[in-house]
Structure formats: C-alpha cells, structure tokens
Amino acid sequence: MVINHDQTVAYVNKSAERLLGIGRAEVVGRPLFKVFPGARGTDFEQKLLLVRQQAAPVKFDTTFYSPAGTNWYHFTVVAEDNACFVYFYAGQRPQTETSPAATGVSANRQIAKEYESVLAAEREQRLIAETLAEVTLALTSQTSLKNVLDEMLRQTQRLVSYRTAHIMLLKDDHLHIAGWQGYRELGSEELVSHLVQPLAEFPMDAEVVRSRQPLVIVDTHQESRWVIQEQTAWVRSHLVVPICLGERVLGILRLDANTIHAFSEEQVVKLQPLTNVAAIALENARLFEQVQQELAERKQIENEIRRRNSELALLNQVIAASATSLEPETILQITCQAVAQTFELPIVSATMLNNDKTAANLVAWHPRNLQPTESQQHFPIAADPIFQYLLQTKTSLIIADVATDPRLAGSTSPICAEKAQSLLVLPVVVEDHVVGSLNLQSTHSHQFTHQEINLAWRVIDQVAGVLARAQLDQRHRRLSEAIEQSAESVVITDTSGTLVYVNPSFERITGYSSDEVLGKKLNMLKSGRQDEAFYDNLWKTIRGGQVWHGRFINKRKDGTLYTDDATISPVRSENGTIVGFVGVQRDVTRELQLEEQYRQAQKMEAVGLLAGGIAHDFNNLLTVINGFAEMIQFELPPDNLHLQKLASRVRYSGTRAAALVRQLLAFSRREFVEPKILNLNKVVTDISKMLERLIEENISLRTEFAPDLWAVKVDAHQIEQIIVNLTVNARDAMPDGGSLSIETENKLLDDEFAAAHLGLSPGRYVLLTVIDSGTGMTDDVKEHLFEPFFTTKEQGKGTGLGLATVFGIVKQYQGAIFVYSEPAKGTTFKIYLPAFVDSSDEEGTPEQAGGIPRGTEVVLVVEDEAAVRDLAAYMLRRQGYTVIEAGNGEDALRIAEKRTGKIDLLLTDTVMPKMSGHVLANEFKVLYPDTKILFTSGYTDKNVMRQGMTESGIDFIPKPFSAAELARKVRAVLDS
C-alpha cells in the first residue's frame, strides 16, 4: 500500500485487496485510518509521524487488532521520497499478548524480503519513467541535431551501463557517425569521428536495419559473425538498437562493454521508449536544420541581391560622374543639357539611327518638359534632306534661317520644328559610320561662330568616343552573353592545356563548377575510352595551328559517361603566335541514343512489314484451308466419324496456324484489335504451352487462378502479348534458372487504395500478377522501366519496346500496372484491368452448321484471290444467298452497271490490284446508294487505316474467317 502526505491511500496491490476483503476502488482515495480504524490511538500513528520526519528511510514494525478483535495486522512502514510504503499481513488473534510478536517474526522477515524486491522494482520503474519523461522533454525541446544526439547518449547511460556508445544515421545505404561517447578515454575518438560504413559490408547492422529489431551479443568472442579487430578487441558485449520513425529506419544506437553478458533483452526494453522519442526528435532536428538551411540560403540570396543593387547604385554614380561609362541615351541626354547651358540655347536634341539607316530615333532633348510626340520620336529619313546630307558628307550642317534655306525644302524632321530659326546639326561618327546627330536649335537668328562650331565638334568627338567604347562594350557583352548562354560548352585553355575559362553549359554538362576546374587540366573528364595515341594526335593538330574536330567519350563528375562532339581551335595573338586554345563541345549523347533508337525502330519496322506481308498471304491461305475444311464437315454425314475426325484435324491445324499468324502480328504490333468479353484464366491456360517453350528448362512455371474470376473486355491477343513480354523479361532475368508464377485475382478497390495508387479509380478489377525470382531491378531502372527504347539488356538482345507496349495496352483499357522489385529479390508485375460488369453479351460456344444464320439477299463478292472468292461464294450460297462474283473492282463495277436487279450487300477485299476496296465502295455507292458494304482483309489494321477504312460505321471482318463468322457478320450487316 502507498499513502500520500495527507494520509490518503494512493495505491494497493491485489494481496492488500484480498487481506482487506474489499476492492481497490473502495480503498484508493480514502484516509488510512478509515481503512484501518483499529490503528487510531495506537502507537502506529506516532510511529508513522516519526517515519515521515526522518531524512532517510526508516523501518518499524507495529501490531494492532481490528475493532472486532478477530484479526490483527503486522506492519512495516518505509518513507520514500514524497510517499510512504506500507507492507502488512493479517492473522488470528493470539491467546496471549506476546503471541503476535512471537509468531510474526518469520513472517516479518519474509515481508522485509518482499519489500526489498518490490522497492527495487518500484525504483527501477520510477527511473525508467523519470528518464523517459526527462528525455522526452529534453529531446523535443532541442532543435540542434548535435544536442539531440548528446542528450540521447546521456539518457542511455542512465538506463544501461556501457563503456562506449555511438549513434549512426542511415543515408543512401551507408551508416554515418553522428554522435559518440566514451572513445576519448580509449584514444580512438579521432577514428570514430570519421566513421562511415556501407551496410553491404556489415551484415549484422544490415539485418537490424532490414528487420527493425535490436541485436544483443552477450559474448563477442563466441559470436561467429563478429570480427575481432585490434582497435575493438576489448569489446566483449555488443548491443545494437534501431532508431525507427514508423517503418523508416533513421539510424542505429550501438553500445559496447568490456564484460560479457553486459546487455540483455530487459535493457533493450528499457531503451525502446528512449529510441522512439529520439527518432521523433532526430526527425524534428533534421527538419529544423533543413528549414534553417533554406532560410540561410534565402537570406544569402537576399544579401546577394542587396549587394548587387548596391554595386549597381555605385556604378550609376560612377556613370553619372564619368562620361566614358554612360549608356548612349544617358550620354546624349547629359550632353544635350550641358550644350544647352554652355551655348545658352533653348533647345538641344540628339538622335540615333537604326542599324539599316532608314529611321532616326529622337533619344534625348533639353529641356525635358519639351516632350516630343510619338511620330517625332521615331521618323523615317529616306527623303529627309538633313540626314541625307549628314550620311553623304559626314560634316556639320549650319542653317542660319530654317524658313528660307533651300536645303531644308521638304524636310519633316522634328529638328526643324518647335519654331527653330537657326540650326546647327553635327553628325555623330563612330568607326567612320554616321550613327546619330546632335542638334543645336535657336528660336531666333543665331550666327554660330567658328569657336562654337569647333567646341561642338569637340563635344561630338568626345561623345563619339564614348559611344564607340559603349558599342564595343555592348558587343563584348553580347558576345559574352552568347557564350555564357550557349547550349554548347565552351572552354579556353592556355598553351599547356590549363583551363582559364569554362561557360555555364560546361558546368551543367560535366557537373563540375568553374571553381573546381579553373587552373587545372581536363584530365578529370577522361573516361579511359580513348588511348594516348588519340590525345597525341589532338595535341599535334592544334599545336600545329590547325583546327581539330572529333568526339570524346568523357566522364561526368558523378561517373556517368557522355559523348562530346568537339571542335578545338588555336587562339592567336596579333602577331600570329598561338596563345591558347578554345574548344566548343556539344553533348551528343542524346542524339546518338536517338540514332540508335531510330535504327532499332527501322529494324522493327522492317520486321513488322515482313510480318504483315507474311500474315496477309497466310490469312488468305488459312481462310481457304479452314473454310473448306469446315464446309467438308458440314457436307459429311454426322455418322461418318472417320472422315469427320480427319476434317476436324485439318480445321484444328488451320486454327493453330491462324493463332501463330496472330502471334506474329502481335509481335510486330500490327494485329487487328477486337475487344471481347473473356476470362483471363482461359487466356493464360491457352498460352501456357507456348510459355513453356519460351522459358528455359531450369525455370519452373506455376499458375494460380481465382476460381470465380470476373470477366474483362479486352483483346485476347493483346493480353497474350502482355504475358509473353513479361515472360521473356522474366526468363532473361533468370539465366541460372528460377521460378515464374502467373496469378489471377478479383480486387474490389476502395477510395483509399485508389487515391494511393495513381491511375486507378475505385471499383471492381481483375488483377493479373506475374512474379519471377530473378535478379531484380534497382530504383533507377524502375524509374525508366516503361520508357520506349529503354533496355538493360545487351546490345542486340532487346529493343526496349516490350514494356512500353505492355504499358500502352494496359492504359488503353483504363487499367494500371505497378512493379515491385529489389536487386537479387526478383520482380513482381501487378496489372489491374477493369472488370466487365454486364456480361449479357458474352460470346457463347461456336454455333453448329444448323444454327448458322441464313438469308435470301443478293451478295456481290469481290476478291482477287480466287480460292478465297470461291470459298466465300460457296459459304453464302449454302446459306441461301444469291451470290455474284468479281475478281477485282473494275469487274465489279461493270457487273453492277449491267445488272437490273438490286444488290443488297457488297463484300469486298480492301487491298486489290487495279482498284482498292475503298475506291470501289465509293463508286459503287453512286450506282447502288442503298447497298450495305462489308470489307474484309488479310492485311493489318494499319493497312486498313491507310485505305481509309477506320471511319465510323464501317463494317469489317478480318481474315481468316469461318463459315459461321462470315454468315453471322453478313446477317448482322444486312439487318443493321
């Protein structure tokens, strides 16, 4: 029992409840003497007061009887901190007064032992609680990562005794030292302060990170995985505790001791709350430091902007004080003001000509309140006598009277406006070209003296010199800006090859900053792909004064390779001496990749064309073979089982050949897409035999199907293409064998799942899963996995189109594909396809001959392949139709023109000599506008598209087709 200062009961254990005969809820909170009324007035009350007044814990025993006299209680009371711990037991009232004391000696000793044990446990729990409370307050109040780490190590020492301890933080599969304690006494603090450990080289720590479970080694000399080294030979016990934030491992806490069995699972339990709080504090400190860094960077940028503004302000002051550094407009404006004041003229203005000398711009004037109109500010000079004179003579023009001078006849220049009477115009000549004018105007008659004219010329010469320097500086700036902003990297070296300049593109392409490379040679870019003879030839060429052009395979700062198309030229001084070299290098890595992709695409296109051509011929042949075999079955008596069986074998072989053609077209991506309602279990089952031939014998294939799998509406051949592509990739990822699993499953996705998986909407899906036990993939590979032409296979062994095609097919059906893979842990592809809810139009089993639709309409069959034409005609006549045959489009039109009766249906091939099916259909519609048209072809959908057959409402039946398929399609078109 524990009692408070006010002598109320704070806690009772189960034994106390049993002895008192009442529950804990009836005891806790009640005064002590309400619980033990017999203790009132006994020496228990005085002894209890004495215990509470002692500075150190005091024990005493006291005995009193219950009021009923039936029980007596023996107490041991200990004062501890701010409470008293009361230990008691009960017994029957003895016959003599000394009996209780005599009979309770042994019991008192037992209680004392129990008290010591309970007290130790209470102290232990209180220490843990205090430590956790203290560390929570201390850690959560810290924003410095170092302070968090130091506090964590300090609090760990309170809970678990150790010789040394350190904390490693996890970053990029490496453990980096972050905090340590106890190594200074061992003389190894310098060593531990630079500690970086790859997880791959430390399997025990890697297992702690992977499992997020602590590791206790009670004796390192008995642990087979422990490597004894000279610096750590003193370590006999080792403890590693992961620091986790949710499922993410931030780092580990390592403790070492020089004795065995120094650490136990109980101590791990003590440390677990500490590490949990520390993880939150570490993350908070990291985020705080990140924010502080961002704030510091922002402040640095703001300081940089203020610094640059200050520089610009200073430059503006310099420009205002020095005419040699002013912009042309500012120079001319100051000049206009100064000339007007010096010459005491009311109006002075300045113009600048455009580059092709067709117009002038009034760029400066004095006084400033004399605002010219927009037309006055910019005006043509082709017919202006003033500027034509300046351009031809490059001398000054002096006009005594603007109104009467014949040289100004027809001038519309604003220089003559504003009531000017006398005028002095001086050309501004830069590098022997007139670039503008300075115009001195007087509103009254003014005779410009030679002194004034000479002074004006001196001003103009000064202005021209400043403008010349300004233009030269402008050209230099433009050249510098062009080089700085060039997409090509530009480097300049001295004659020894030491870098003296690199532009920003060089920094962007190579990853090296200018500070890292200036003053050094370009050896850091060498990839080892060029031999010394290559570089010897380069230096021989440029040192001989010639221009070298070629390609480098260089290495960036991050180690990746790239290809430079480079031109290196010698730089000569005025006397022709080579003083350096300039190189212009263009990164052509992407271009080379595109060229390679283009070559791959050309090869695929060639294969596709070949496949399409073969498919066309095969489809015609298979149409005839399968069709006539089917007709034979129809004509044979049902009881002629032998011949029926032979005909079935022919049809079976033809059907397999047709499937082979479809696979060939699927490979070349030219198959005719026809979504149907189907069950993925059947698709996988039908293709399993082919998959077994694709994979190696050392790869086991396993399928697991959901028995009640929902239907999907897709093209079966495209689904086969997906499975084949994933199977081939899995096979290549398991060169030494392994296992391949294909599974199907129904999935009902809720809003939460859909929100967490981009590309999916809530609803019913069929999940197709392909799992292999192969080499797996890195995150970098997974990032580019579905990009066209991206492949990790050797050159010539992969096009990089397989998974891109898979991705496109899945997206075509509003599905989604996800990949889960790690190196050496295999790969799992999960493909979600929307389930087809309404299965009412799902195809049933093929009809027998008796169930094939019939008709009596007139059908014109146009087919250049005689065997196919005969078969189609035979099939339709057998079903009751009147059939007219034509071998090409021209014959069909002649037959149509001569025929007097109606033609209900035109069945035509799309690709025929002399006239295509599309052209035939257009012309046929003129003769028979009400005739239905049905197209057929053994070519692929791309050929059909080129023939214009993809318009809405066009009816089409691909070859090969069976009698039942043709009859159903003809009936459907006629009835539409």
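Biologist: What percentage of the 976 residues in the protein is buried?

Modeller: In this predicted model, buried residues make up 42% of the 976 residues.

Biologist: And how many helices and strands does the protein have?

Modeller: The protein has 29 helices and 34 strands. Among contacts between residues at least 6 apart in sequence, 58% join residues at least 24 apart.

Biologist: Let us take the sheet that contains S12. In what order do its strands run?

Modeller: The order is S14-S13-S12-S17-S16-S15, which makes an open sheet of 6 strands with antiparallel pairing.

Biologist: Which strands stand at the edges?

Modeller: Strand S14 (378-380) and strand S15 (397-399) do. Each has a single partner strand, so one side of each is left without a neighbour in the sheet. From one strand to the next, the twist averages 25°.

Biologist: How many bridges pair S16 with S17?

Modeller: There are 9 bridges between strand S16 (residues 422-430) and strand S17 (residues 433-442), in the antiparallel sense. Serine 437 in S17 is the bridge partner of proline 427.

Biologist: Which helix lies across S12, S13 and S17?

Modeller: That is helix H11 (residues 328-343). Its course makes an angle of about 55° with S13 (359-366).

Biologist: What lies in the loop between H11 and S12?

Modeller: Glutamate 344 lies in that loop. This residue has a positive phi of about 55°, although it is not a glycine.

Biologist: Is glutamate 344 buried or exposed?

Modeller: Glutamate 344 is exposed, with a relative accessible area of 69%. Glutamine 814 also has a positive phi of about 55° without being a glycine. Glutamine 814 is found in the loop between helix H24 (802-812) and strand S28 (816-821), and is exposed at a relative accessible area of 57%.

Biologist: Turning to peptide bonds, what is the omega of the bond from histidine 366 to proline 367?

Modeller: Omega is near 5°, and the bond is cis. Proline 367 is found in the loop between S13 and helix H12 (374-377). The bond from lysine 959 to proline 960 is cis as well, with omega near -5°. Proline 960 lies in the loop between strand S34 (955-958) and helix H29 (963-975).

Biologist: Now the aromatic residues. How many aromatic pairs are there?

Modeller: The count comes to 12 aromatic pairs. One of them joins phenylalanine 379 and phenylalanine 387, whose ring centres are 5.9 Å apart. Their planes stand at 55°, so the pair is tilted.

Biologist: Are those two phenylalanines buried or exposed?

Modeller: Phenylalanine 379 is buried, and so is phenylalanine 387.

Biologist: What is the geometry between tryptophan 539 and phenylalanine 581?

Modeller: Their aromatic pair is edge-to-face, with 5.8 Å centre to centre and 80° between the planes. Tryptophan 539 lies in helix H17 (residues 532-543) and phenylalanine 581 in strand S22 (residues 578-587), so the pair ties together parts that are 42 residues apart in sequence.

Biologist: How does tryptophan 539 count in terms of relative accessibility?

Modeller: Tryptophan 539 counts as partly exposed, at 27% relative accessibility. Phenylalanine 581, by contrast, is buried, with a relative accessible area of 3%.

Biologist: Which residues do ring pairs link into a cluster?

Modeller: Phe534, Tyr535, Trp548 and Phe552 are linked in this way.

Biologist: What does threonine 589 touch?

Modeller: Leaving aside residues up to four places away in sequence, threonine 589 touches Tyr562 and Thr563. Threonine 589 lies in helix H18 (residues 589-635) and is buried, with a relative accessible area of 17%.

Biologist: One more topic, helix packing. At what angle do H26 and H27 pack?

Modeller: Helix H26 (residues 889-898) and helix H27 (residues 917-927) pack at about 5°, and their axes are 10 Å apart. Angles under 35 degrees count as roughly parallel, and H26 and H27 are therefore roughly parallel to each other.

Biologist: Which residues meet there?

Modeller: Gly889, Ala892, Leu893, Ala896 and Glu897 in H26 meet Leu920, Glu923, Phe924 and Leu927 in H27. By class, this contact of H26 with H27 has 6 nonpolar, 1 polar and 2 charged residues.

Definitions and conventions: Residues numbered from 1 in each chain as written. Predicted model: local features only at pLDDT ≥ 70, side-chain atom pairs only at ≥ 80, totals over all residues. Heavy atoms only, no water. Pairing = 2+ DSSP bridges. Helix = DSSP H or I, 4+ residues; strand = E, 2+ residues; numbered from the N terminus. Axes fitted to C-alpha atoms, helices over the stretch in contact; angles between N-to-C directions. Contact = heavy atoms within 4.5 Å. Parallel < 35°, antiparallel > 145°, perpendicular 65-115°, else oblique. Nonpolar A, V, L, I, M, F, W, Y, C, P; charged D, E, K, R; others polar. Phe/Tyr/Trp six-rings, centres within 6.5 Å; stacked < 30°, edge-to-face > 60°. Buried < 20%, exposed > 50% of the residue type's maximum accessible area, 1.4 Å probe, protein only.
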